[in-house]
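This briefing goes through selected local features of one protein model, grouped by topic. Please keep the sequence and the structure in view while reading.

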Amino acid sequence: MAHDHTPRTTGHGAHGGSGHDHRHGHGHDHGDAGHSHGIPAVTAGSERKVFWVMLLTGGFMLAEVAGGIVSGSLALLADAGHMLTDFAALALAWFAFRLGRRPADPQRSYGYHRFQVVAAYTNGISLFAIALWIVVEAIGRVFDPVEVMGPQMLVIATLGLLVNILAFWILSRGEQGNLNVRAAAVHVLGDLLGSVGAIAAALVILWTGWMPIDPILSVVVALLILRSAWRITKEAGHILLEGTPPGIDAAAVGAALREVSGVLDVHHVHVWSLSTERPLLTMHAVVGDGADRDRVLRDVNRVLAERFGIGHATVQLEQRGCVHADQEHP
């Protein structure tokens, strides 16, 4: 929840000769200043779950690469590529848990939470390259089929399915409120589909000997990778460009805050994200001459937290005009 961080002096009122009072309401952490980010707590159980599932996924990914090379199955290699994307996502989630414990410092006043976004964007771009390689290789195999060892392929794909079922069971046991754990479960569910596709290809080859099924199903897996890659890259890029978080409309925020008693106008409303779970806001609010600024600030922060889920807000209170009045603002 955002806290009232209003200065108890009016020394800012003469700042720049503007004759208005700048009071800033913050809901963020300043090290030992005693304020809170309002960041969801990460339990040790969540971190352990992601760590063990990461090891399971990464370990079997290597086995699947070896199995795909030995059996000649592109579907297995494609599924290994899909598991690579999930391993990277799990590793990022785990590393974000670890890195997020580090406190903010003078060089990184918001701490290290943005790291996971930068890494996710890089990961998303690499996924496009993996998917492109799978599609190009699949097209070549359709015109020039490669002999695939069905029995070996079936064994490895079945083991992959069992590993994914175990990983999904680990992530599904309690603590469903954590976003990283839920996201990891979705990734593992995607791996389940890839393993099912590889099993289907192996069975078709064993029953009919029709080799083109292997590259055809590998393209299906590649499309799953592309879907994940686009979603990850788009979301991470939106955050890096300081885009408005999904589900939050800056105009709606301004309209809601104008209904707060004592607030005459709201402008310079900017909403962005530090990470997928941490929306931030800065704004200017014009208050009436007789308004209780401390009460207005508390009410504004309460509305932001309760209606829009924004627990970190910097609110500048003004009375006789905006210091940035000569600039365009929403």
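A salt bridge is taken here as a side-chain nitrogen of Lys or Arg within 4 Å of a carboxyl oxygen of Asp or Glu. The model is predicted, and by this rule the count comes to six salt bridges. One of these pairs is Asp299 with Arg302, whose closest N and O atoms are 3.8 Å apart.

- Asp299 and Arg302 are three residues apart in helix α8, so about one helical turn separates them.
- Asp299 is buried because its relative accessible area of 19% falls under the cut-off of 20%, whereas Arg302, at 40% relative accessibility, counts as partly exposed.
- Arg302 also forms a salt bridge with Glu306, with 3.7 Å between the closest N and O atoms, and these two residues, four apart in helix α8, are likewise separated by about one helical turn.
- Glu306 is exposed, with a relative accessible area of 55%.
- Through salt bridges that share partners, Arg295, Asp299, Arg302 and Glu306 are joined into one network.

- Glu137 forms a salt bridge with Arg141, the closest N and O atoms being 3.7 Å apart, and since the two are four residues apart in helix α3, about one helical turn lies between them.
- Glu137 is partly exposed at a relative accessible area of 31%, while Arg141 counts as buried at 12% relative accessibility.
- A nonpolar patch on the surface is formed by Val118, Tyr121, Ile125, Phe128, Trp230 and Leu240, which together have about 530 Å² of accessible area.
- The elements that give two or more residues to this nonpolar patch are α3 (115–143) and α6 (213–240), and α3 gives the most, with four residues.
- Val118, which lies in helix α3, counts as partly exposed at 42% relative accessibility.

**Helix α7 and its cover**

- Helix α7, which spans residues 250–258, has Val253, Gly254, Ala256 and Leu257 among its residues, and these four are buried.
- Viewed down the axis of α7, the buried residues fall within an arc of 165°, so they line one face of the helix.
- The cover over the buried residues of α7 includes β2 (263–275), β3 (278–287) and α8 (293–308).

- Glu242, found in the loop between α6 and α7, has a positive phi of about 60° although it is not a glycine, and Glu242 is partly exposed, with a relative accessible area of 40%.
- His268, placed in strand β2, also has a positive phi, near 50°, in a residue other than glycine, and His268 is buried, with a relative accessible area of 8%.

**Ser71 in helix α1**

- Ser71 is found in helix α1, residues 44–71, and counts as buried at 2% relative accessibility.
- The side chain of Ser71 reaches the backbone oxygen of Gly67 at 2.8 Å.
- Leaving aside residues up to four places away in sequence, Ser71 touches Leu76, Glu147, Val148, Met149, Gln152 and Met153.

Key: Residues are numbered from 1 along each chain as its sequence is written. This is a predicted model: local features need pLDDT of at least 70, side-chain atom pairs count only at pLDDT 80 or more; totals for chains, interfaces and linings use all residues. Side-chain values use heavy atoms; hydrogens and water are left out. Patches are made of residues with over 30% relative accessible area and no salt bridge: like charges are joined within 9 Å, nonpolar side chains (Val, Leu, Ile, Met, Phe, Trp, Tyr) within 5 Å. Accessible areas come from the Shrake-Rupley method with a 1.4 Å probe; for residues, only the protein chains shown count as cover. Buried means under 20% relative accessible area, exposed over 50%, partly exposed in between (1.4 Å probe, protein chains only). The arc is that of the directions from the helix axis to the C-beta atoms. Contact means heavy atoms within 4.5 Å. A polar contact is a pair of N or O atoms within 3.5 Å; within protein, one must be able to donate a hydrogen and the other to accept it, and residues adjacent in sequence count only if both atoms are side-chain atoms.
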